[in-house]
Number of protein chains: 2
Amino acid sequence: MGLELCRVVLVETHYPGNLGAAARVMANMGLRDLILVNPVADPADHQARQMATHGEPVLAAARVAGELGEALADCVLVAGTSARTGGLLRRQTVRAPDAVAPLLVEEMRQGRRVALVFGSEPSGLGNDAVTRCHHLVRIPTAPEFPALNLAQAVAICLYELRRAWDRLQPAAEDPYAPADFAAQEHLFRQLRTALEEIHFLYGPKADSLMHGLRHLLGKARLSEMEVKLLLGLARQIRWYVAQRRDEG
Amino acid sequence: MGLELCRVVLVETHYPGNLGAAARVMANMGLRDLILVNPVADPADHQARQMATHGEPVLAAARVAGELGEALADCVLVAGTSARTGGLLRRQTVRAPDAVAPLLVEEMRQGRRVALVFGSEPSGLGNDAVTRCHHLVRIPTAPEFPALNLAQAVAICLYELRRAWDRLQPAAEDPYAPADFAAQEHLFRQLRTALEEIHFLYGPKADSLMHGLRHLLGKARLSEMEVKLLLGLARQIRWYVAQRRDEG
């Protein structure tokens, strides 16, 4: 059980490419329940299927509904997206996607079905749809250009849903965990010796240069793999110096 | 000065629609500096311009570079996107967009130019590009389908950039500020009186019903406008009861 409890409902979508790209990003984010309310574009259109790529099964399984209420009947929480202001929306709280996604995820965790509703490209959701949404989502934009492409709006909302979902999973092991202090100190000692041998570090400025190097490497938050890489470099420098000495 | 200090660099983009949709979402999010490195698609193509809509000026002003280094020369910080794992990427920290966006914004605040780099649709960024990025960004997805549509990946990254930028601006006045406690209590008194007059509240269950109503309205975090709406309702109920009484 997971994000498939979130249905995507596209109302009166006009462009086949948007149907396909929406289905694709649903597959990317782990969703598969797609309902098209009175679609203007044909989901079997060539361009829709081309844009869907690995989301084609989602597109092929999409159901068509004649009316929004029919598409939402078994959902306990419904969020609609709107770039509009004014009209009905003056009476309603409009939130950013990252504020609404956790509310949807909370219901999904209880095994309940939820929905994200997107209006048509020319005009967005109508008043009758807006008034039936429990939450309205507006994606933050530059004030001059609030109207996003439909498939990009779907991508951003599903990205936030995925993020909210992933935050609830047990944390995976961090593959970039920094090396511990002792490993770093060992590295700095080896580096210092190697750099002294090639006379990069010598005389009164040696400490200050080494401090600069330590600081630089400290900022980089070295992983264990990176500590090994630099230890190998230090070893190689010393090996090279020893070779030259033997030759000399 | 603002988000226009972030350049979007598209490397060897194949599909004109993706050039257009990328330019559109740049306009949505307040960016305008677009460089195309060896584009396969023609930015003057009909479909590119159609997808660009209000982003057409961004697309028309896009510069073409023959090589990635040329496109990045004046940038102090470069983030590349990659859905790949393995190869060079095993040696590199890969972060989610919300972790990298604030680093880019921090440089932009100092008036410095930064860049977000996106690879071609069939294969993403090559090793030579990956190795020149200071940070690599991977958009979290379902593990089975990591490869996002290019224009949707651009949308998600610029959305996070916008969010990181907006967080640094002085907070705008919250248009949905909840009404204060005194206003809510006044509402509850008026509502109670009105509901008693129509005998919705009466007898031993009155307190419990009123408690349920208070709790329901409390959860909704009423705004001042909503308090006024419900006060109007309570007033209207009392007016209606008074009318009936006069008639009777």
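This passage describes the fold of the two chains, the contact between them and several local features of a predicted model.

Chain A contains 10 helices and 7 strands. Its radius of gyration is 28 Å, whereas the globule rule gives 18 Å for 248 residues; the former is well over the latter, so chain A is more spread out than a compact globule. The C-alpha trace of chain A spans about 90 × 40 × 40 Å along its principal axes. Of the 248 residues in chain A, 38% count as buried. Contacts in chain A between residues at least 6 apart in sequence were also examined by separation, and 85% of them join residues at least 24 apart.

The 7 strands of chain A form an open sheet with parallel pairing, in the order β3-β2-β1-β6-β4-β7-β5. Strands β3 (63–65) and β5 (94–95) of chain A are the edge strands, each pairing on one side only. Strand β2 (residues 33–37) of chain A is joined to β3(A) in the parallel sense over 3 bridges. Within this part of the sheet, V37(A) stands opposite A65(A), a residue of β3(A).

In chain B, an open sheet of 7 strands with parallel pairing has the order β3-β2-β1-β6-β4-β7-β5. The edges are taken by β3 (63–65) and β5 (94–95) of chain B; each has a single partner strand, so one side of each is left without a neighbour in the sheet. Strand β1 (residues 6–11) of chain B pairs with β2(B) in the parallel sense, over 5 bridges. V9(B) has I35(B) in β2(B) as its bridge partner. Of the 5 residues of strand β2 (residues 33–37) of chain B, 4 are buried, so this strand is largely enclosed by the rest of the structure. Elsewhere in the sheet, strand β4 (residues 77–81) and strand β7 (residues 135–137) of chain B run parallel and are joined by 3 bridges. The bridge partner of G80(B) in β7(B) is L136(B).

In soluble globular proteins, nonpolar side chains tend to be buried together. In the present model, the largest nonpolar core has 132 residues. The residues with the most contacts inside this core are M26(A), V154(A), L161(A), V9(B), M26(B), V154(B) and L161(B). When neighbours within four places in sequence are left aside, V154(A) is in contact with V8(A), A22(A), V25(A) and F118(A).

The contact between the chains takes 28 residues from chain A and 28 residues from chain B. On the side of chain B that touches chain A, α1 (16–29) and α7 (150–168) of chain B each supply at least two residues. The largest share of that side, 8 residues, comes from α7(B). By class, the side of chain B that touches chain A comprises 15 nonpolar, 8 polar and 5 charged residues.

In chain A, helix α9 (residues 206–219) has 14 residues and reaches 20 Å from its first C-alpha to its last, close to the 20 Å expected at 1.5 Å a residue. The number of buried residues among the 14 of α9(A) is 0, so this helix lies largely in the open. R221(A), which follows α9(A), has a positive phi near 50 degrees. In chain B, helix α9 (residues 206–219) also has 14 residues, and the distance from its first C-alpha to its last is 20 Å, close to the expected 20 Å. Of the 14 residues of α9(B), 0 are buried, so α9(B) lies largely in the open.

H199(A) is not a glycine, yet has a positive phi of about 60 degrees. This residue is found in the loop between α8 (181–197) and α9 of chain A. H199(A) is exposed, with 10 other C-beta atoms within 10 Å. N38(B), also not a glycine, has a positive phi of about 40 degrees. The loop that holds N38(B) lies between β2 and α2 (46–52) of chain B. N38(B) is partly exposed, and 15 other C-beta atoms lie within 10 Å.

R109(B) belongs to helix α5 (residues 97–109) of chain B. R109(B) is partly exposed, with 13 other C-beta atoms within 10 Å. R109(B) and L3(B) are 106 residues apart in sequence, while the C-alpha to C-alpha distance between them is 9.2 Å.

Definitions and conventions:
Residues numbered from 1 in each chain as written. Chains lettered and ligands numbered in written order. Predicted model: local features only at pLDDT ≥ 70, side-chain atom pairs only at ≥ 80, totals over all residues. Contact = placed C-beta atoms within 7 Å. Nonpolar A, V, L, I, M, F, W, Y, C, P; charged D, E, K, R; others polar. Rg over C-alpha atoms; globule rule 2.2 N^0.38 Å. Buried ≥ 20, exposed ≤ 12 C-beta atoms within 10 Å, placed from the backbone. Expected span 1.5 Å × (residues − 1). Core = buried A, V, L, I, M, F, W, Y, C linked by C-beta atoms within 7 Å. Pairing = 2+ DSSP bridges.
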